[in-house]
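Work through the following exercises with the sequence and the model at hand.

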Amino acid sequence: MSDASMEILVRTGRDTPMGNLMRRYWVPVLLLSEIAEPDGPQVRVQILGEKLLAFRDSEGRPGLIDEFCSHRGVSLYFGRNEENGIRCAYHGVKFDRNGKCVDVPSAPQSCARMNIKSYPCIERGGLLWAYMGPPEKMPEPPELEWATLPPSHVFISKRVQECNYLQAMEGGIDTAHVSYVHRYEVDNDPMHKDTKALDYIKADGNVIFEIEKQPFGLTLFGRRNGEPDSYYWRVTQWLFPWFSLIPPFGEHSLAGHVWVPIDDHSCWSWAINFHPNKPLSAEEREELEAGKGIHCEYEPGSFRPKANKDNNYLMDRQAQKDKRAYSGILGFAMQDASLQESMGPIQNHDAEHLLPTDKAIVMARRMLQEAVAGLEQGIEPPALSVSAQHVRAAGVLLERSVDPTEWAKEYLTDSRTHPVYTI
């Protein structure tokens, strides 16, 4: 893919081709716990390069508005959230959750020309979602499986990742890296330990990939030897424009990610664990809240990881030498993030030399590029229908004669009607 094409994919601000594409989907903005109370503190949010404020008004309704007052450009973060609106602390100009100016104390007749930007919001799956695209093109609310379950069944965290969303998301698509960077922690990780699948993975490091283009994105099939008459298949899903679904291990929870640009040099990395048919156990929730699995510990009072580029991700060379951590960095989340951030805020794509194991990355880039070009020609983006979100990841033993793509079409395209397939 040309430098010009890659430049299009990594730029997501307002009125950029990729930014226009992403704004056609519902965007995860923040955890509902961040704006838990009516008239509680407003929260700064930056998404797709736009600086915004999220809050609940006096009636408990969420709002997402421009951070800055239309009078003199003061940040409304320093304003007062009261009586169904945010009042600027500088001159008292007040805005409701829809961005409508409802009071200009010094010039009431000026209200009509003082409105600020706002975006429609919905609450789903423990998150606040916003739609930032053309109002007449708003899709149905998201129906990813984890977003439709009771709170007891789901755990969600987010962290700041200090690189472009694309290289972070490509780490989720690049399942070949698991055999290296994570290899020494799977036996103890709460998402992997004590499962038969680990036996197959350890016995056969020569995973063979098949990738199928789908209306919703990509299905990635990773094949290893299973029993004498079977293969062990791990089936990962990538959904437009930024979701992934990770195959489960044994009775452990399913998982997924979302990568949402903060700006062109950083992104929100969301991590989700869930059980479709039962609550997470107290032990599971305790481990996830402690930052284990695909989650992490934070710097106090922030969503920045405790292990970050300023402290070399707390790299432990002795743990690397002792084969307790392949790169010397502990924890799945930061093992990935450290390598992806090491590429720079936006990696030099012109210098990369891709390998056969990068086929999924090449296909995803091409699909994103095709969607961007199509939108500019008036063609609707892919996966806007919620039916495209009903897929599921899986780990399964199949007889060697079985075509995994045909099996997946029957058993993974509607998660609501099939059991979880896991080994």
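**Exercise 1.** State which residues of helix 8 are buried.

*Solution.* Step 1: helix 8 covers residues 332–342; helices (H or I, at least four residues) and strands (E, at least two) are DSSP runs, numbered from the N terminus. Step 2: apply the cut-offs, by which buried means under 20% relative accessible area, exposed over 50%, and partly exposed in between (1.4 Å probe, protein chains only). Step 3: the buried residues of helix 8 are Phe-332, Ala-333, Met-334, Gln-335, Asp-336, Ala-337, Ser-338, Gln-340 and Glu-341. Step 4: nine of the eleven residues in helix 8 are thus buried, and the helix is mostly covered. Just after helix 8, Gly-344 has a positive phi of about 100°.

The model is predicted: local features need pLDDT of at least 70, side-chain atom pairs count only at pLDDT 80 or more, and totals for chains, interfaces and linings use all residues. Residues are numbered from 1 along each chain as its sequence is written, and side-chain values use heavy atoms, with hydrogens and water left out.

**Exercise 2.** Describe how helix 3 and helix 9 cross, and state which residues make the contact.

*Solution.* Step 1: two packed helices are described by the angle between their axes and the distance between the axes. Axes are lines fitted to C-alpha atoms, for helices over the stretch in contact, and angles run from 0 to 180 degrees between N-to-C directions. Step 2: the axes of helix 3 (residues 165–173) and helix 9 (residues 359–376) come within 9 Å and cross at roughly 135°. Step 3: helix 3 and helix 9 are therefore oblique to each other (angles under 35 degrees count as roughly parallel, over 145 as roughly antiparallel, 65 to 115 as roughly perpendicular and the rest as oblique). Step 4: helix 3 contributes Tyr-165, Leu-166, Met-169, Glu-170 and Ile-173 to the contact, and helix 9 contributes Ala-360, Ile-361, Ala-364, Arg-365 and Leu-368; contact means heavy atoms within 4.5 Å.

**Exercise 3.** Determine whether Arg-24 is buried or exposed, and name its contacts.

*Solution.* Step 1: locate Arg-24 in the loop between helix 2 (17–22) and strand 1. Step 2: the relative accessible area of Arg-24 is 4%, so the residue is buried. Step 3: leaving aside neighbours within four places in sequence, Arg-24 is in contact with Tyr-131, Pro-134, Lys-137, Pro-139, Leu-375, Glu-380, Pro-381 and Leu-384.

**Exercise 4.** State how strand 13 pairs with strand 12 and with strand 14.

*Solution.* Step 1: two strands pair if DSSP finds at least two bridges between them. Step 2: strand 12 (residues 208–213) and strand 13 are antiparallel, with six bridges, and form a hairpin with three residues between them. Glu-210 has Phe-221 of strand 13 as its bridge partner. Step 3: strand 13 and strand 14 are also antiparallel, with nine bridges, and four residues lie between them in a hairpin. Here Asn-225 stands opposite Tyr-231 in strand 14. Step 4: seven of the nine residues in strand 13 (residues 217–225) are buried.

**Exercise 5.** Examine the backbone at Pro-241 and at Asp-39.

*Solution.* Step 1: most residues other than glycine have a negative phi, and most peptide bonds are trans. Step 2: the peptide bond from Phe-240 to Pro-241 is cis, with omega near -15°. Pro-241 belongs to the loop between strand 14 (230–239) and strand 15 (243–246). Step 3: Asp-39, in the loop between strand 1 (26–31) and strand 2 (43–47), has a positive phi near 60°. Because its relative accessibility is 33%, Asp-39 counts as partly exposed.
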